[in-house]
Amino acid sequence: MHRCPHCLQDFLLRTDPCPGCVDLATQRSRAKKAKERRAAYDPVGQVEEWEFWDLLRWYCECPCCGKPWATAGIVARDHIVPVSRGGPNEAKNLQPLCQSCNLWKSDHIIYFDRHFPGRCAPLPEHLLAYLPAIQADPSVQLPLIAPGTVDATLRYPQATPRQLEAITLVLSGKLPDCEGQISVDEVDLLLDL
């Protein structure tokens, strides 16, 4: 039996370097890198707990599916304009959704009307400033639907997230001009309600 003098762990064989010391060095290295990453985060734009709970009091149920919060389970912080698509990480860009609706919405730009669950609403004025940058970026895929072909009566769960994103952008008046180009299947737009 060999006991390492540095990490004080027992091993059957003497090895150089000691497996226990290698594990400790790896843990220290990972902890150091994580600390450096945390220090590099920009603290500006972080959402405080009280800000989210202050927002949540305006919603008596999930604005997507209409489940009361008592039965919805986990309440997720959903970014209306996703951070991955250039939206700010601020309280003004949040809407509360139940966990299943947040996963369903994914990274689409959908703003739900809090008074009528499942129905889209125009984006708030303060979020419209983030849309030109999104539309100018060619790597971002927006739903290319001509405004005349969008059925604004579609609601969750009959519509797909891309259809609801198109409705939100049409209601906001920010859908790019795309005459004749439809990337969503026309059959999806003609869903029976």
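Of the 193 residues in the chain, 36% are buried, where buried means under 20% relative accessible area, exposed over 50%, and partly exposed in between (1.4 Å probe, protein chains only). The model is predicted, and for that reason local features need pLDDT of at least 70 and side-chain atom pairs count only at pLDDT 80 or more, whereas totals for chains, interfaces and linings use all residues. Residues are numbered from 1 along each chain as its sequence is written, and side-chain values use heavy atoms, with hydrogens and water left out.

**Overall architecture**

- The secondary structure of the chain comes to seven helices and four strands, these being DSSP runs numbered from the N terminus, with helices (H or I) of at least four residues and strands (E) of at least two.
- Read from the N terminus on, the elements follow the order β-β-α-α-α-β-β-α-α-α-α.
- Among contacts between residues at least 6 apart in sequence, 59% join residues at least 24 apart, a contact being heavy atoms within 4.5 Å.
- The accessible surface of the chain comes to about 11,900 Å², of which 55% belongs to carbon and sulfur atoms; accessible areas come from the Shrake-Rupley method with a 1.4 Å probe, and for residues only the protein chains shown count as cover.

**Helix H2 and its packing**

- In helix H2, which spans residues 49–56, the buried residues are Phe-52, Leu-55 and Leu-56.
- Seen down the axis of H2, these buried residues fall within an arc of 100°, so they line one face of the helix; the arc is that of the directions from the helix axis to the C-beta atoms.
- The elements against which the buried residues of H2 pack are helix H3 (69–72), strand S3 (75–79) and strand S4 (94–98).

**Lys-105 in helix H4**

- Lys-105 is found in helix H4, residues 99–105, and it counts as buried because its relative accessibility is 0%.
- The side chains of Lys-105 and Asp-78 are joined by a polar contact of 3.2 Å, a term for a pair of N or O atoms within 3.5 Å in which, within protein, one must be able to donate a hydrogen and the other to accept it, while residues adjacent in sequence count only if both atoms are side-chain atoms.
- Not counting residues up to four places away in sequence, Lys-105 touches Asp-78, His-79, Ile-80, Gln-95, Leu-97, Ile-110, Phe-112 and Pro-161.

**Salt bridges**

- The structure holds six salt bridges, each defined as a side-chain nitrogen of Lys or Arg within 4 Å of a carboxyl oxygen of Asp or Glu.
- One of them pairs Arg-3 with Asp-10, the closest N and O atoms being 2.9 Å apart, and Asp-10 counts as partly exposed at 41% relative accessibility.
- Another joins Arg-57 to Asp-54, with the closest N and O atoms 2.7 Å apart; Arg-57 is exposed at 59% relative accessibility, whereas Asp-54 is partly exposed, with a relative accessible area of 34%.
- The side chains of Glu-165 and Arg-85 also meet in a salt bridge, at 2.9 Å from N to O, and this pair links distant parts of the chain, with Glu-165 in helix H6 (residues 161–172) and Arg-85 in the loop between S3 and S4, 80 residues apart.
- Both Glu-165 and Arg-85 are buried.

**Cysteines**

- The structure holds zero disulfides, a disulfide being a pair of cysteine sulfur atoms within 2.5 Å.
- Cys-101 is in no disulfide, and the nearest cysteine sulfur, that of Cys-98, is 3.4 Å away.
- Cys-101 counts as buried at 0% relative accessibility, whereas Cys-60 counts as exposed at 63%.

**Backbone geometry**

- Most residues other than glycine have a negative phi, and most peptide bonds are trans.
- A cis peptide bond, with omega about 5°, joins Asp-16 and Pro-17, and Pro-17 is found in the loop between strand S2 (10–11) and helix H1 (19–40).
- The peptide bond from Tyr-156 to Pro-157 is also cis, with omega near 5°, and Pro-157 lies in the loop between helix H5 (131–136) and H6.
- Leu-8, a residue other than glycine, has a positive phi near 60°; Leu-8 is placed in the loop between strand S1 (2–3) and S2 and counts as exposed at 55% relative accessibility.
- Ser-106 has a positive phi of about 60° although it is not a glycine; Ser-106 is found in the loop between H4 and H5 and is partly exposed, with a relative accessible area of 46%.
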